[in-house]
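Below is a briefing on one structure. Please read it alongside the sequence and the 3D view.

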Amino acid sequence: LNEREVSVTGLAAEYNVIQIPATVVINDKVYKVTTIDKNAFSGNKEITDVIFGNNVTTIGKYAFSQCPNLRNIRFGSRVKRIGSNAFAQCTKLRNFILPASVRHIDARAFCQCPAVKVIRINSTALNYVGKEAFADSIVEHVDLFDSVTSIGAEAFRNCAQLKEITIPASVTEIGENAFAGCSGLTSVNILCDVGLLPEGAFADCANLTEATVAAGSIPARLFE
């Protein structure tokens with residue numbers, strides 16, 4: 001990457017537990033490991049656990065997609081961006097904690113991860129949740145902080161176990177069908193401008209019985 005940073009491109013051997021170091025020594029020089037390259041571990045059938053070093057800031061697109069036995073990930077303290085499809089279709093991936101540093105979760109980053117029930121977002125820096133970022137999972141609980149400004153189309157589509165959601169006042173953009181098909185959703189608290197929500201934002205949410213807004217009324221188009 002530059003004279004002081006390197007990226008991880010893949011593995012020369014097969015391991016179950018992958019520990020990404022904070023630094024590596026090459027020719028007696030110390031380099032920070034800051035990036036996981038795109039497709040670096042995509043399709044790897046051996047990996048069960050990934051531990052990221054504290055200098056990793058970017059996880060590239062498709063970096064760990066379709067790793068069928070990946071169960072546990074532990075992010076380092078400096079991760080800022082999780083690329084598109086980075087962990088998509090990791091069917092055994094369990095609950096995880098996103099650190100305070102995360103700013104961007106790109107499109108389909110955790111799409112079709114059916115074993116994920118709880119997403120703990122400790123980040124007050126997170127401002128972007130991309131298209132289909134968590135779609136088709138059984139996530140039951142998600143906290144969105146006031147830093148979030150953009151929620152992509154179908155970001156939480158078909159999260160059938162999601163029971164309640166608060167859309168923070170900071171949100172200025174919400175894509176179509178962001179919460180469509182969340183059949184277990186019973187309560188929605190809309191703190192942002194309700195006029196920002198597109199038609200069908202909560203379509204096919206059959207059990208949604210409580211929706212509150214900070215101001216104004218709730219248009220019927222949100223549920224159509």
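How many bridges join E11 to strand E13 (residues 141–142)? Two bridges join them, and the strands run parallel. This is a predicted model, in which local features need pLDDT of at least 70 and side-chain atom pairs count only at pLDDT 80 or more, while totals for chains, interfaces and linings use all residues. Residues are numbered from 1 along each chain as its sequence is written, and side-chain values use heavy atoms, with hydrogens and water left out.

**Sheet E9-E11-E13**

- Three strands form this open sheet, with parallel pairing in the order E9-E11-E13.
- E9 and E13 are the edge strands; each has a single partner strand, so one side of each is left without a neighbour in the sheet.
- Strands here are DSSP runs of at least two residues (E), helices are runs of at least four (H or I), and both are numbered from the N terminus.
- Two strands pair if DSSP finds at least two bridges between them.
- E9 and E11 pair in the parallel sense over three bridges.
- Phe96 has Ile119 in E11 as its bridge partner.
- Leu98 stands opposite Ile121, also in E11.
- Towards E13, Val118 stands opposite His141.

**Sheet E2-E5-E7**

- A three-stranded open sheet has the order E2-E5-E7, again with parallel pairing.
- Strand E2 (17–19) and strand E7 (72–74) stand at its edges with a single partner strand each, so one side of each is left without a neighbour in the sheet.
- From one strand to the next, the twist averages 5°.
- That angle is taken between axes, which are lines fitted to C-alpha atoms (for helices over the stretch in contact), and runs from 0 to 180 degrees between N-to-C directions.
- E5 and E7 are joined in the parallel sense over three bridges.
- Ile51 stands opposite Arg74 in E7.

**Aromatic pairs**

- The structure holds 13 aromatic pairs.
- Rings of Phe, Tyr and Trp (its six-membered ring) pair if their centres lie within 6.5 Å; planes under 30 degrees apart count as stacked, over 60 as edge-to-face and the rest as tilted.
- Phe41 and Phe64 form a stacked pair, at 4.9 Å centre to centre and 10° between the planes.
- Phe41 lies in the loop between E4 and E5, and Phe64 in the loop between strand E6 (58–59) and E7, so the pair ties together parts that are 23 residues apart in sequence.
- Phe41 is buried at 3% relative accessible area, and Phe64 is buried at 0%.
- Buried means under 20% relative accessible area, exposed over 50%, and partly exposed in between (1.4 Å probe, protein chains only).
- Phe96 and Phe110 are both buried.
- Their ring centres are 4.5 Å apart and their planes at 20°, so this pair is stacked.
- Phe96 lies in strand E9 (residues 96–98) and Phe110 in the loop between strand E10 (104–105) and strand E11 (118–121), so the pair ties together parts that are 14 residues apart in sequence.
- Ring pairs also link residues into a cluster, including Phe41, Phe64, Phe96, Phe110 and Phe134.

**Cavity**

- There is one cavity of 30 Å³ or more.
- On a 1 Å grid over the protein atoms alone, a cavity is a set of points where a 1.4 Å probe fits but cannot get out, and lining residues have an atom within 4 Å of a point.
- The largest cavity holds about 30 Å³ of space.
- Grid points are joined across faces, edges and corners, and the volume is the space filled by probe spheres set on the points.
- Its lining is Phe96, Phe110, Cys113, Val116, Ile119, Phe134 and Ser137.
- By class, the lining divides into six nonpolar, one polar and no charged residues.
- Ala, Val, Leu, Ile, Met, Phe, Trp, Tyr, Cys and Pro count as nonpolar, Asp, Glu, Lys and Arg as charged, and the others, Gly among them, as polar.

**Positive phi**

- Most residues other than glycine have a negative phi, and most peptide bonds are trans.
- Asn39 has a positive phi, near 65°.
- Asn39 is found in the loop between strand E4 (29–36) and strand E5 (49–51), and is partly exposed at 42% relative accessible area.
- Asn177 also has a positive phi, near 55°.
- Asn177 sits in the loop between strand E16 (173–174) and strand E17 (187–190), and counts as partly exposed at 26% relative accessibility.

Terms used: 1 Å grid on protein atoms, 1.4 Å probe; cavity = no way out; pocket = protein on both sides within 12 Å on 5 of 7 lines; lining within 4 Å.
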